[in-house]
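Welcome to this short tour. Open your viewer, get your selection tool ready, and follow along one stop at a time.

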Amino acid sequence: MTAIADPRAPHSAPRRKGPNLEKWGWVYMRASGVLLVVLIFGHLFVNLLTGTGIHQIDFAFVVGKFATPFWQWWDVLMLWLAFIHGANGMRTIVNDYVTHSGVRKTLVWAIWLAAGFLIILGTLVVFTFDPCLGVTSDSSLWEMCQG
Ligand code: HEM
C-alpha cells in the first residue's frame, strides 16, 4: 500500500529564497477575479442594457468608446487583468495535467508568449486606434475624417 503524505505537512526541504511566486499567483487570481466581476459586468451593462442595447453596437460605437480615455482605460484594464488571469489559470491546468517536464515547460512558455503578444497588440490598438486610417472618398466616414 502506498502512503500518501499529510497534505498539510511542511515541505521536507527548506523553501528557496526569493518571493513566493506561487502564493502571489494564488492571490492574483482572487484579486483580479473580484475586479473582473466589476469590469466585465460594467462592460456588459453599458454595451447591452443602456441606450438601444445591442442595436447600438457598430463601428461608430467602438470609435466613440475608444475616443474616451475613461473607456480606453476600462478596456485596457480588463484586457490586462483577464489575459494574465486566463494565462495563469491555464498555467495551473498545464502544471496539473502535463507530466512530461519538457512538454510542460514548452506549453507554459507558449501560454505566456501568446498572452504577452496579445496584451501588447491589444494595448496598442486601444491607445492608437484611428478610425480615419485608410479612409477613402467612397467611405461614409470620408466627411467626418476631413476635419
Ligand atoms: C468574472 C470574473 C472572474 C472571476 C471572479 C474569476 C475567478 C477565478 C478564481 C478565484 C480562480 C482560481 C480557482 C482555483 O484556484 O481553484 C480562477 C481560475 C481560472 N480562471 Fe477565472 N475568474 C473570472 C474571469 C475569468 C476570465 C475572463 C477568464 C479567461 C480569460 C478566466 C480564466 C480562468 C482559468 C483558465 C482559471 C484556471 C482554472 C483552474 O485552475 O481549474 N477567468 N478564476
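**First stop: a pair of helices**

Select α3 and helix α4 (residues 101-128): their axes run 10 Å apart and the two pack at an angle of about 175 degrees. Axes here are lines fitted to C-alpha atoms, for helices over the stretch in contact, with angles from 0 to 180 degrees between N-to-C directions. Helices are DSSP runs of H or I with at least four residues, numbered from the N terminus. Because angles over 145 degrees count as roughly antiparallel, α3 is roughly antiparallel to α4. The contact of α3 with α4 has 18 nonpolar, 5 polar and 2 charged residues. In this count, Asp, Glu, Lys and Arg are charged, Ala, Val, Leu, Ile, Met, Phe, Trp, Tyr, Cys and Pro are nonpolar, and the others, Gly among them, are polar.

You are looking at a predicted model, where local features need pLDDT of at least 70, side-chain atom pairs count only at pLDDT 80 or more, and totals for chains, interfaces and linings use all residues. Residues are numbered from 1 along each chain as its sequence is written, and side-chain values use heavy atoms, leaving out hydrogens and water.

**Second stop: the ligand**

Now select the residues around the ligand, including M29, L36, A82 and M90. The shell divides into 7 nonpolar, 4 polar and 1 charged. Both α1 (21-48) and α3 (69-97) supply at least two of its residues each.

Which protein residue is the donor of the iron atom of the ligand? Zoom in on H85, whose NE2 is the only protein donor, at 2.0 Å; donors are N, O and S atoms within 2.8 Å of the metal (3.2 Å for Na, K and Ca). H85 sits in helix α3. Finish at R30: one of its polar side-chain atoms lies 3.3 Å from an oxygen atom of the ligand.

Key: Near = heavy atom within 4 Å. Polar contact = N/O pair within 3.5 Å; in protein donor to acceptor, adjacent residues only side chain to side chain. Parallel < 35°, antiparallel > 145°, perpendicular 65-115°, else oblique.
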